[in-house]
Amino acid sequence: YDLAKIYHEEGSYAIAKTYIDKVLTYPEVNKRITKKAEFVSKQLSFAIEGIKNPLDYNPIRMPYESINRFAFNSHPVLTADQKQMIISVRNDIGNRDENLVVSNYEEGKWQESRNISTKINTVRNEGMPTISGDGKTLVFTSCHRKDTYGGCDLYISYKTGEEWSVPENLGHKINTHAKETEATL
């Protein structure tokens, strides 16, 4: 099983599949490992077929001057019309303050990203956004606010016109004393 994992991680899927299938010939040894091996075997089969039938993929780096101008950029989300992108950013690697910025797609290019809202970004961390298709409901993670249930909770904000509402904690039915992150709408 461990050898299969190593080959899987390095991308040698056919070799990994040989070893993981060998593990499956001994189901009585360890039921927990057998269950994991069944799952990994399916992943490997999918990867092997995917390599046989590759999709055209030609990534284009987002422009530095408008999008990639921060030291740390992650978790980009688009509105359904693909005219607005919200991104988690940090100004430098040593600075742990994460914020949300927004960029609009106008005249065939992404405009310079800007602070999404002073109502949303604080001295605390705000990141990992998700946005509704119409671009009017934003859910994001914020950490260590006064109203958190745990270290990081999910918050919601609504857009009216060009203004975002003051974010509200999604409450104890969603947030726990653990860490809630990476929501999806």
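Residues are numbered from 1 along each chain as its sequence is written, and side-chain values use heavy atoms, with hydrogens and water left out. As the model is predicted, local features need pLDDT of at least 70 and side-chain atom pairs count only at pLDDT 80 or more, whereas totals for chains, interfaces and linings use all residues.

The largest pocket has a volume of about 170 Å³. On a 1 Å grid over the protein atoms alone, a pocket is an open set of points where a 1.4 Å probe fits, with protein on both sides within 12 Å along at least five of seven lines. The volume is the space filled by probe spheres set on the points, which are joined across faces, edges and corners. Lining residues, defined as those with an atom within 4 Å of a point, include Arg90, Arg96, Glu98, Lys179 and Thr181. By class, the lining holds 3 nonpolar, 4 polar and 5 charged residues; Ala, Val, Leu, Ile, Met, Phe, Trp, Tyr, Cys and Pro count as nonpolar, Asp, Glu, Lys and Arg as charged, and the others, Gly among them, as polar.

Strand 6 (125-131) and strand 7 (137-143) each supply at least two residues of this lining, and strand 6 gives the most, with 4 residues. Strands here are DSSP runs of E with at least two residues, and helices are runs of H or I with at least four, numbered from the N terminus. Strand 6 is mostly covered, since 6 of its 7 residues are buried; buried means under 20% relative accessible area, exposed over 50%, and partly exposed in between, with a 1.4 Å probe and protein chains only. Strand 6 and strand 7 pair in the antiparallel sense over 5 bridges, where pairing requires that DSSP find at least two bridges between the strands. Glu126, itself a lining residue of the pocket, has Ser142 in strand 7 as its bridge partner. The two strands form a hairpin with 5 residues between them, and Gly135 in the turn has a positive phi of about 75°.

Positive phi values also occur in residues other than glycine. Glu107, with phi near 50°, lies in the loop between strand 3 (99-106) and strand 4 (109-110). Glu107 is exposed because its relative accessible area is 83%. Glu182 has a positive phi of about 55° and lies in the segment after strand 10 (168-169).

The aromatic rings form 3 pairs, counted for Phe, Tyr and Trp (its six-membered ring) when centres lie within 6.5 Å; planes under 30 degrees apart count as stacked, over 60 as edge-to-face and the rest as tilted. Tyr7 and Tyr19 form a stacked pair, 5.8 Å centre to centre with 5° between the planes. This pair links Tyr7 in helix 1 (residues 2-9) with Tyr19 in helix 2 (residues 13-23), 12 residues apart. Tyr7 counts as partly exposed because its relative accessibility is 23%, and Tyr19 is likewise partly exposed at 36%.

Arg145 sits over Tyr155 at 4.8 Å from the ring centre.

Technical notes: A charge sits over a ring if NZ of Lys or CZ of Arg is within 6 Å of the ring centre and within 35 degrees of the ring normal.
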